[in-house]
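Here is a note for a colleague who is new to this model. Please keep the structure open while reading the points.

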Amino acid sequence: MQGTARGEGRRLAARHRNIELGLLALAVAVCLAGHIDADLALTGKMPPGLLVHGLALGGLAGAAHLAVRRFAPYADPLILPLGVFLTGFGLMLLDRLDISYAAAHAKKGDYQKLPAAPSQLMWVFVSVAVAIALIALIKHHRFFQRYVYLLMTGALILLAAPAFFPGRPEDFGAKRWIRLFGLSFEPDEFVKVAITIFFAGYLMASRDALALAGRKIWGMTLPRGRHVGPVLAIWVVSLLVLVFERDLGTSLIFFGVFVVMLYAATERTSWVVLGLLMAVGGAAVVGTVEPHVHGRVEAWLHPLDIYKEHHDPAIISDQPAEALFSLGTGHLTGTGLGSGRPWLIGFAGRSDFVFTTIGEELGLAGVTAVLLVYLLLVQRGLRTAVGLTDPFGKLLATGLSTALALQVFVVVGGVSGLVPLTGKALPFLAAGGSSLLANWLIVALLIKLSDSAGRTALEPAPPSPDPLPAQAGPAGRAAPGGAAAVDPGPNQSPNPGPNPTAPELTLPRPAAPGPDPDRTEVNPAAPHPPAGQSPYGYHPAPQSPFPPNPSTA
């Protein structure tokens, strides 16, 4: 029976891998079709190097699929295709923007005329290769549980490092980059992964203490004061990042991930309420006293004031207003790939404002489709968390999915005017090697986590090598020498004993004068119950009055 279940589980896992392969082919085909459509609209010609680009993207997807098939055969079949689709779609958008930026800035001669798609394609190779290596080399996700404090130490160092590097004018006051030897990267993209791993390990060990109830105020039970310390520490670190690095997006993601994981670990709504109050209060204070953050808030509240002759000097960018114009131009179905003017937004059109290209040229329908792809990827991560059995894996899958969802929220919300601009890169779609590599690390971790969850669901655990010793009672009668005979089953014994795990069926006993001859008094001091007596102290069901079945007797 168990061998049959294991075989069925492996067949279902192989079917999932075949589904994954088909979805990968569909994702690559859609991205190539977008390339062709955009280039035909812009230049009237087929895109140069289309075959090489298609083979490269398909080869990377195939290599990742083979790694998953070999080292994570029970993984979720949607996670990898969703990551490949978003990555290929982002390459298509960057290639389309490169053509427009090159034409618009050819006479200006500034850096914006340089293409971004070739370097992004290089980072795609690096990111997918690192993801494949993680899938192949890390045997189980609990490997990271051994190094949670080491990861936290490194994450804090990386998180604080950009404050000591001078910013450039095009950064508009934000300090998110480390620049060494002509290279630059955003450490906060990797910090969100490392800190999520630390949160999972810390909350797994401390969830019982954090779940204890404290005082009840205004109908809400707040946690005890001595257990609020970790939340206050994370809150202070988030505010320090916001003040010294002027990075609103990282501080929101950092604190939001911790609060969501804290709720998942303790199931206490009071932590969520407390976290929201602290986040709103801290952001309000910093947004009032810190000039850079105050300027972003003013641009969010009054995006069109930039066109007034006299406006708040804190508003220094017209990008929020241009983004609203771009999104409004798209209407329901958009102007078509290559037929819009997204380069008017400026240098940020390839980073967080790449979302406006989707809204303008694909309309509300395209925006909804892209957001649904993100939502589906987050849902698969949360579904993985539900399927896992160990607390560390549950919290890790929840945290990684939350980090991805919060980054999409702060970017899309900032571009569309829902929240102030944060300057974060839109996952997978925006130009930036650090963001792409960090998000592919999240994809690889979710694949390993879903493999553990799928293995638990589809492959039954092996039987215990040492069976439990038989005990005299309802399941069998005492054998000579103290051994108990094993119950042969209801189909082989004419008078089977009751199953202690099943509901007891008691038939009416015929009335008989005198004491019950089947009742036996249990001696509490006896080491074993008498033969035929239940070890739980209740009287076994009487034997069936019906004659045995001659076919099994």
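1. H331 sits in the loop between α11 (319-330) and α12. Helices here are DSSP runs of H or I with at least four residues, and strands are runs of E with at least two, numbered from the N terminus. The phi of H331 is positive, about 55°, although H331 is not a glycine. H331 has a relative accessible area of 64%, so it counts as exposed. Buried means under 20% relative accessible area, exposed means over 50%, and partly exposed lies in between (1.4 Å probe, protein chains only).

2. **Ground rules.** This is a predicted model, in which local features need pLDDT of at least 70 and side-chain atom pairs count only at pLDDT 80 or more, while totals for chains, interfaces and linings use all residues. Residues are numbered from 1 along each chain as its sequence is written, and side-chain values use heavy atoms, with hydrogens and water left out.

3. **A buried counterpart.** F428 also deserves a look. Its phi is near 75°, a positive value in a residue other than glycine. F428 belongs to the loop between α13 and α14. Is F428 buried or exposed? F428 is buried, because its relative accessible area is 2%.

4. **Helix α13.** Most of α13 is covered: 20 of its 26 residues are buried. Just after α13 comes G417, with a positive phi of about 90°.

5. **Salt bridges around D76.** The whole structure holds 12 salt bridges. Each is a side-chain nitrogen of Lys or Arg within 4 Å of a carboxyl oxygen of Asp or Glu. One of them joins R380 to D76, with the closest N and O atoms 2.8 Å apart. R380 lies in helix α12 (residues 354-387) and D76 in the loop between α2 (50-71) and α3 (79-104), so this pair ties together parts 304 residues apart in sequence. Both R380 and D76 are buried.

6. R383 is in helix α12 and D76 in the loop between α2 and α3, so the pair ties together parts 307 residues apart in sequence. D76 counts as buried because its relative accessibility is 6%.

7. E189 and K424 meet through their side chains in a salt bridge (3.5 Å, N to O). This pair links distant parts of the chain: E189 is in helix α6, and K424 is in the loop between α13 (391-416) and α14 (433-458), 235 residues apart. Both residues of the pair, E189 and K424, are buried.

8. **K192 in detail.** K192 is placed in helix α6 (residues 187-210). It is buried, with a relative accessible area of 10%. Leaving aside neighbours within four places in sequence, K192 is in contact (heavy atoms within 4.5 Å) with Q407, A438, N439 and I442.

9. **A nonpolar surface patch.** M122, W123, V126 and V130 form a nonpolar patch on the surface, with about 310 Å² of accessible area together. Patches take residues with over 30% relative accessible area and no salt bridge; like charges are joined within 9 Å, and nonpolar side chains (Val, Leu, Ile, Met, Phe, Trp, Tyr) within 5 Å. Areas come from the Shrake-Rupley method with a 1.4 Å probe, and for residues only the protein chains shown count as cover. V130 lies in helix α4 (residues 117-137). At 33% relative accessibility, V130 is partly exposed.

10. H292 is in helix α10 (residues 291-301) and is buried at 14% relative accessibility. H292 and I315 are 23 residues apart in sequence and 9.5 Å apart in space, C-alpha to C-alpha. P48 is in the loop between α1 (2-43) and α2, and it is exposed, with a relative accessible area of 75%. P48 and I36 are 12 residues apart along the chain, and their C-alpha atoms are separated by 9.7 Å.
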